[in-house]
Amino acid sequence: MAAALGRATSRIADFLRDHAPLLRKLQWGIVAIYAFLLIVPVLLPLPDNASSVFNNLTIVAQFAFWGVWWPFVLISMPILGRAWCGWLCPEGMLTEWASERGKGLAIPKWIRWGGWPFVAFALTTIYGQLVSVYQYPLAVLAVLGGSTAAAMVVGWRYGRSKRVWCKYLCPVNGVFNLLAKLAPWHFKVDEEKWRHPVIRIEPINCAPLVPLRHMKGAGDCHVCGRCSGYRGAIQLTPRSPEEEIVRVASGDPWQTALLCFGMMGIAMGAFLWTASPWYVTAKQWAATWLVEHDIMWPLLDNAPWFILTHYPEVNDSFSWLDGAGILLFVFGAAISVGGAAFLSLWIADRLAPAAPEPGETAGRWGRPGLHKLAQALIPSAGIGVFLGLSATTINLLKHEGVEAAWAAPVRFTLLSLAVLWTLRLYARLLKPRAASAWRKGLAWLTLAAGLAPFCIAWVLFFAIW
């Protein structure tokens, strides 16, 4: 069975390699659809309450981007790896196309900075909330269109036929990298065959800049198939979804920051503030205090649409107080939810420390063993982002009159399974550590407690608020 599955996956990779021109045509088709849905709704009037997906292109684009595209691209990562990036992504296609015709400059050091996946994700998520990216075409054009334009500029300026933007600067590169570690297949490199190739060696272009000879996991690979069979040493191979986290991935401080404070913290705040009565109460208290002290400018809604939501024609405009309230709520969620997860990692790593490598020292974000433990958060953090995005899907379906009573059981089932998977991964990562059984057990309980604020937040969002 395993051998048959291996042969099947290998044939898929060879098909992708041998039909690269067909794949490129498919990508150009996606680019055309993407550009149409991105630009045309900006030229149309804003939809009214009677508009629906059956009679309004803006609603169609809204559903396509936020109801289908983003949530299901995310869910594809732990199933197919980064196949979206290699097969369909319009930004990846355009940045590589631009790099084939650009200046081909060396990639500067500032682009290679390891913190961009976290910083880009955080800034894009927060900015999207301030301009209501899920509701308005202009905001979509600013966020998605701005990202695409930047990808093309970076591609034109740096690299030669490489996806420099995807490797270092894409706002969702870090998220995709983490989720792809759960994929049940990857391109495996046989180092012995690499050293002694038995077939003709032809040059290949690995656009996402993966060091093929030393490729161990699926996080950076775009599954484009170009390297399939290279030197007779690279083959698309089935594997356990837990293999990379338990045996390969060591983690790093920025991935830990993205998991704890980005995907579980900032993203949580971005999803929850619209439903939170705490946000409303705090804003009302702040508005009352400002009026009593004759400080009126924060209550004005005169910011342009590209700074804060401003659409007076549909009676939807954010005041400066609204913007400040959103920022404080998001940062509060990052500290309370993400901080709890990080603190549990810090404590657990001291209760059951990993054996240090030669010359290893603790960094600013803790010892390397902490970041290895953090990789277990990938299922929970990933399902959290999916649940938040799919809430938009459910709301759009409700607007079209679709019954959604099934949503709550499905949501809590997915959340429960993801959290249980994280707890299982915690146990597997703690098992080889040189600590007593009771210290490992206490560390596991500490890690489980660190997930409590994350779970409580989703219960509030889906069941109470």
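The points below begin with the basis of the note and then turn to the domains and the helices.

1. This is a predicted model, in which local features need pLDDT of at least 70 and side-chain atom pairs count only at pLDDT 80 or more, while totals for chains, interfaces and linings use all residues. Residues are numbered from 1 along each chain as its sequence is written, and side-chain values use heavy atoms, with hydrogens and water left out.

2. The domain assignment, which is automatic or taken from a database, gives domain 1 (1-180) and domain 2 (247-464). The C-alpha centres of domain 1 and domain 2 are 23 Å apart, and 39 residues of domain 1 are in contact (heavy atoms within 4.5 Å) with 41 residues of domain 2.

3. Between them, domain 1 and domain 2 bury about 3400 Å², of which 77% is on carbon and sulfur atoms; buried area is the accessible area (1.4 Å probe) that two parts lose on being put together, summed over both. On the domain 1 side, Phe118, Leu130 and Leu178 lose the most area to domain 2, together 21% of what that side buries.

4. Helices here are DSSP runs (H or I, at least four residues), numbered from the N terminus. Helix α16 (residues 378-399) packs against helix α17 (residues 407-430) at an angle of about 165°, with the axes 8 Å apart, the axes being lines fitted to C-alpha atoms over the stretch in contact and the angles running from 0 to 180 degrees between N-to-C directions. That makes α16 roughly antiparallel to α17 (an angle over 145 degrees).

5. Residues of α16 including Phe386, Leu387 and Ile394 meet residues of α17, among them Leu414, Trp421 and Leu425.

Key:
Helices (H or I, at least four residues) and strands (E, at least two) are DSSP runs, numbered from the N terminus. Angles under 35 degrees count as roughly parallel, over 145 as roughly antiparallel, 65 to 115 as roughly perpendicular and the rest as oblique.
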